Amino acid sequence: METLRNLSIQPSFKCNWGCKFCYLGNLKTDTTLLNLNVLKDKLSEIKQYYKITHVQVLGGEPSLLDCYYLEELQNLIKDYQVTYVTNFSNIKFVNFCLQHNVQMTISVNKERQHFAETIKNLNLIKGLKNIQLSSVVLPSLLNDNIKSILQFYNSFGFDVYFLKYNASRTNKLNYNITNEKYYKFIDELIKQYQIGHYNFKIKNIDFLLQDNINAVSCDSLFLNPNGKFSTITYDNNNKEYFVEFDTVEQFSKFCKSINAKQKDTCKQCFYYKQCGSKNIYSSDKNKCMNLFKIRNELL
């Protein structure tokens with residue numbers, strides 16, 4: 001049985017912040033709430049096809065959920081490694097995560113609507129366990145001094161994920177961040193991190209250093225508030241969007257079709273199964289349009 005790299009549950013798209021670069025765009029005003037009976041059935045359905053190890057709960061903003069709903073939700077996923085992703089607008093949410101011994105990932109970017117509030121709250125919880133930070137590589141990072149960036153994260157002592165920015169069909173604001181700029185930043189960040197002495201880890205450093213990432217892989221599954229399955233794909237302008245499935249079987253067939261299509265379309269390519277790495281993406285001129293064609297032809 002295959003293992004899902006990640007199962008992301010989106011109980012609601014609702015969010016109390018209006019970050020313009022958010023991938024959800026106007027979906028954040030949608031108040032649809034995932035029915036927990038549906039969630040229970042969907043988890044059972046997934047386990048017929050995949051092994052679940054890690055569950056990520058995001059939104060929207062999970063700390064806005066009713067306390068009773070949160071407890072029932074956590075009870076359904078307690079047997080897995082669980083991470084809640086939050087903007088940390090509600091500092092009391094840390095109590096829920098500590099009580100259930102689950103990971104809490106706090107999104108940190110200067111471009112976020114209430115960045116100062118996030119920093120204030122972070123300073124109040126220094127030293128607590130099971131907390132990590134997540135930062136998208138946006139202009140505020142790209143334009144800052146690398147050593148200053150590392151000192152900033154070091155001041156909190158929480159481990160950090162650095163994530164690649166992707167433009168979305170629903171973004172209110174799309175940044176023009178080239179792959180060349182991104183990988184130049186990552187290379188310098190890791191170089192300075194490795195020669196310094198810091199009291200935090202770059203959690204995804206091994207992934208960032210990989211040279212064999214398959215950009216066409218299909219191993220992440222979402223469960224949306226409407227009870228449908230989905231995964232992220234990209235249009236011909238390299239903008240991400242969700243494609244939905246009524247059943248796990250449909251998602252599984254979609255992934256198998258992608259893998260089969262890739263073998264036929266890409267097997268002669270020098271970068272076969274490495275096309276998500278900086279080997280090909282370090283220069284935007286090397287971008288292979290087959291990455292988008294493969295998925296779009298199957299939709």
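Is Phe 88 buried, partly exposed or exposed, and what is its relative accessible area? In this predicted model, Phe 88 is buried, with a relative accessible area of 0%, where buried means under 20% relative accessible area, exposed over 50% and partly exposed in between, computed with a 1.4 Å probe on protein chains only. The model is a prediction in which local features need pLDDT of at least 70 and side-chain atom pairs count only at pLDDT 80 or more, whereas totals for chains, interfaces and linings use all residues. Residues are numbered from 1 along each chain as its sequence is written, and side-chain values use heavy atoms, with hydrogens and water left out.

The chain holds 11 helices and 11 strands, which are DSSP runs numbered from the N terminus (helices H or I, at least four residues; strands E, at least two). Of its 299 residues, 47% count as buried. Among contacts (heavy atoms within 4.5 Å) between residues at least 6 apart in sequence, 71% join residues at least 24 apart.

Phe 88 is placed in the loop between strand 5 (81–86) and helix 3 (93–99), while Asn 130 is found in the loop between helix 4 (115–123) and strand 7 (131–136) and is partly exposed, with a relative accessible area of 24%.

Ser 12, in the loop between strand 2 (6–9) and helix 1 (36–46), is buried, with a relative accessible area of 11%. A polar atom of the side chain of Ser 12 lies 3.0 Å from the backbone nitrogen of Lys 14. Leaving aside neighbours within four places in sequence, the residues in contact with Ser 12 include Asp 30, Leu 58, Gly 59, Gly 60 and Pro 225. Gly 59 and Gly 60 are themselves joined by a cis peptide bond, with omega about 0°, and Gly 60 lies in the loop between strand 4 (54–57) and helix 2.

The axes of helix 1 and helix 2 (residues 67–77) come within 11 Å and cross at roughly 10°, the axes being lines fitted to C-alpha atoms over the stretch in contact and the angles running from 0 to 180 degrees between N-to-C directions. The contact is made by Leu 36, Leu 39, Lys 40 and Leu 43 of helix 1 and by Tyr 69, Glu 72, Leu 73, Leu 76 and Ile 77 of helix 2. Helix 6 (residues 146–154) and helix 7 (residues 179–195) pack at an angle of about 65°, with their axes 10 Å apart.

Conventions. A polar contact is a pair of N or O atoms within 3.5 Å; within protein, one must be able to donate a hydrogen and the other to accept it, and residues adjacent in sequence count only if both atoms are side-chain atoms.
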